[in-house]
Amino acid sequence: SRARAPARLCCMSAVATIAEITYPEVSSPILRAGYDYWFGRKGDRPFPARGDFDPMVEITRLARNLMLLDVSHDPLDFRYRLIGTAVREHLGENWTGRRWSEIEFQRAPNPIWLHHQWVVDNRQPRFLRPNYIGPHRTFMFVESAVLPLGDAPDRVDMLMLFVDFRSKLER
């Protein structure tokens, strides 16, 4: 099913529409390769642990579009641990080390926060397609894969994201 909700993206001030999409709807080869990489590491578990891979070495071609978020519990919060160069240049600012709760337009109950919280609560991947709002007029939308990571099968400690900025829907 598709869920649409208004949200602010990154450091932009306009409102975007966020569509939850299913894996077959993913058009980005970056997301498909990133999800395949994640899926190959999880085995029979619900999700892999962070220590199961080294994406900066094993999938260097995707590293520019990779983000890692630490997940804090009690209260829930997300902290940017790693932001790939392609993502960072579109954020307009380097958020590495910052918590989402410190950034006004990213804190709960922002729909982007709620989608990431859903991944933490349900321990399952989620694919999103928000409209792109920002300075690069060639982009129409963003696709992202939000993938859970953790050492225990019942607790997500980190999120791995692959983010691609798309100019048109391509298959």
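The model is predicted: local features need pLDDT of at least 70, side-chain atom pairs count only at pLDDT 80 or more, and totals for chains, interfaces and linings use all residues. Residues are numbered from 1 along each chain as its sequence is written, and side-chain values use heavy atoms, with hydrogens and water left out.

**Salt bridges**
- The structure holds 8 salt bridges (a side-chain nitrogen of Lys or Arg within 4 Å of a carboxyl oxygen of Asp or Glu).
- Asp70, Arg79 and Arg81 form a network of these bridges.
- The closest N and O atoms of Asp70 and Arg79 are 2.5 Å apart.
- Arg81 meets Asp70 at 2.9 Å, N to O.
- Arg81 lies in strand β4 (residues 77-83) and Asp70 in strand β3 (residues 66-72), so the pair ties together parts that are 11 residues apart in sequence.
- Strands (E, at least two residues) and helices (H or I, at least four) are DSSP runs, numbered from the N terminus.
- Asp70 counts as buried at 12% relative accessibility (buried is under 20% relative accessible area, exposed over 50%, partly exposed in between; 1.4 Å probe, protein chains only).
- Arg79 is partly exposed at 22%, and Arg81 is partly exposed at 43%.
- Asp52 and Arg45 make another bridge, at 2.8 Å, N to O.
- Asp52 is partly exposed at 29%, as is Arg45 at 35%.

**Helix α4**
- Helix α4 has 12 residues (111-122) and should span 16 Å at 1.5 Å a residue; its end C-alpha atoms are 16 Å apart, which agrees.
- The expected span is 1.5 Å times one less than the number of residues.
- At the start of α4, a side-chain oxygen of Asn110 comes within 2.6 Å of the backbone nitrogen of Ile112.
- Just after α4, Arg123 has a positive phi of about 55 degrees.
- The buried residues of α4 include Trp113, His115 and Val119.

**Arg126**
- Arg126 sits in strand β5 (residues 126-130).
- Arg126 counts as buried, at 10% relative accessibility.

**Nonpolar core**
- The largest nonpolar core has 47 residues, and Tyr80, Leu159, Met160 and Phe162 touch the most other members.
- Strand β7 (residues 158-166) gives the largest share of this core, 7 residues.
- A nonpolar core is a set of buried Ala, Val, Leu, Ile, Met, Phe, Trp, Tyr and Cys residues joined through side-chain atoms within 4.5 Å.

Definitions and conventions: A polar contact is a pair of N or O atoms within 3.5 Å; within protein, one must be able to donate a hydrogen and the other to accept it, and residues adjacent in sequence count only if both atoms are side-chain atoms.
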